[in-house]
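Biologist: Hi! Could you walk me through this chain while we both have it on screen?
Modeller: Happy to, let's take a look together.

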Amino acid sequence: MPGAEPENKDEAIARYQAAILRAVRWMRPADASAEVLSLTAEAAEAFAAKLEARPPGGGLWGYVTGAGNVESRGVFVIGLIEPGANGATATQDGDAIEAIIVAPPAFEGPDGHLHGGQIASIFDEICAIAQSLGGVSGRTASLNVTYHQPAPLLQPLTLRAAVSSVDGRKITVSATLHHGETLCSSAEALFIQQPPG
């Protein structure tokens, strides 16, 4: 069970996430000198040691919120504590949700564009949030992604997802990823509601 969340935890997590994101965004080893890389490595090692030294057994703080909440935290794309999230937030637009993300260099696939595996993960998350808006959600059963055009890194990308059908315990969600007016990828995800108990 999640433990009680410490006071002002969100503010501290937001600062933490922003600092990590800056480090990931500007981590270009090929462009940095050996001296800069060594100094950066020392700082990162000290940072990791500080986190590892925290007292064990503190429990979880529940950073993935429940169904029906578009402000999911601590997940892959939308959230406060994941470097890949870029501080992105989802907004509800009728029956759909939308999010703007900026993919960091760490997500690079071919030639300055977003890796296809990262795109699939992004779709899984945005579809999962969309299917939970009705208050009853399921787990991913299948995810089919179609790649239309490459999606660039370091530029705003628009994610949009909405439930397209519900058949008993089956929830189908359709989603798109755009760069401006260009459709980069589309997806269809099937979620299965879990039976009571």
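**A chat about the fold**

Modeller: To begin with burial, 30% of the 197 residues in the chain are buried. Keep in mind that this is a predicted model.

Biologist: Thanks! What does the secondary structure of the chain come to?

Modeller: There are three helices and six strands. Following the sequence, you read the pattern α-α-β-β-α-β-β-β-β.

Biologist: And what about the contacts between residues at least 6 apart in sequence, how many of them join residues at least 24 apart?

Modeller: That share is 62%.

Biologist: How about the accessible surface of the chain, what does it come to?

Modeller: About 11,600 Å², with 55% of that belonging to carbon and sulfur atoms.

Biologist: Okay, let's go to α3. How many residues does it have, and how far does it reach?

Modeller: Helix α3 covers residues 116-131, which is 16 residues. From its first C-alpha to its last it reaches 23 Å, close to the 22 Å expected at 1.5 Å a residue.

Biologist: Which residues in α3 are buried?

Modeller: The list is Q118, I119, I122, F123, E125, I126, C127, I129, A130 and Q131.

Biologist: And what covers the buried residues of α3?

Modeller: The cover includes strands β2 (96-102), β3 (138-147), β4 (156-167), β5 (170-179) and β6 (182-193).

Biologist: Let's zoom in on I119. Is I119 buried or exposed?

Modeller: I119 is buried, and its relative accessible area is 4%. This residue sits in helix α3.

Biologist: Which residues is I119 in contact with, leaving aside neighbours within four places in sequence?

Modeller: I119 is in contact with L114, V145, Y147, A151, L177 and S185. Take L177 from that list: I119 and L177 are 58 residues apart in sequence, yet their C-alpha atoms are 8.6 Å apart in space.

Biologist: Nice. Which residues touch the most other members in the largest nonpolar core?

Modeller: L114, F123, I126 and L177 do, in a core of 28 residues. The elements giving two or more residues to this core are β2, α3, β4, β5 and β6. The largest share, seven residues, comes from α3.

Biologist: Switching to charges: how many salt bridges does the count come to?

Modeller: The count comes to one salt bridge. R160 pairs with E98, and their closest N and O atoms are 3.3 Å apart. R160 lies in strand β4 and E98 in strand β2, so the pair ties together parts that are 62 residues apart in sequence.

Biologist: How accessible are R160 and E98?

Modeller: R160 is partly exposed, with a relative accessible area of 32%. E98 is partly exposed too, with a value of 27%.

Biologist: What does F47 touch, not counting residues up to four places away in sequence?

Modeller: F47 touches Y16 and I20.

Biologist: Last topic, backbone angles. What is phi of D111 near?

Modeller: Phi of D111 is near 50°, a positive value in a residue other than glycine. Most residues other than glycine have a negative phi. D111 has its place in the loop between β2 and α3, where D111 is exposed with a relative accessible area of 72%.

Biologist: And what about L154, what is its phi near?

Modeller: Phi of L154 is near 60°, again positive in a residue other than glycine. L154 lies in the loop between β3 and β4 and is partly exposed, with a relative accessible area of 38%.

Biologist: Great, thanks for the tour!

Terms used. Residues numbered from 1 in each chain as written. Predicted model: local features only at pLDDT ≥ 70, side-chain atom pairs only at ≥ 80, totals over all residues. Heavy atoms only, no water. Helix = DSSP H or I, 4+ residues; strand = E, 2+ residues; numbered from the N terminus. Expected span 1.5 Å × (residues − 1). Buried < 20%, exposed > 50% of the residue type's maximum accessible area, 1.4 Å probe, protein only. Contact = heavy atoms within 4.5 Å. Salt bridge = Lys/Arg side-chain N within 4 Å of Asp/Glu carboxyl O. Core = buried A, V, L, I, M, F, W, Y, C linked by side-chain atoms within 4.5 Å. Areas by Shrake-Rupley, 256 points an atom, 1.4 Å probe, with all protein chains shown as cover.
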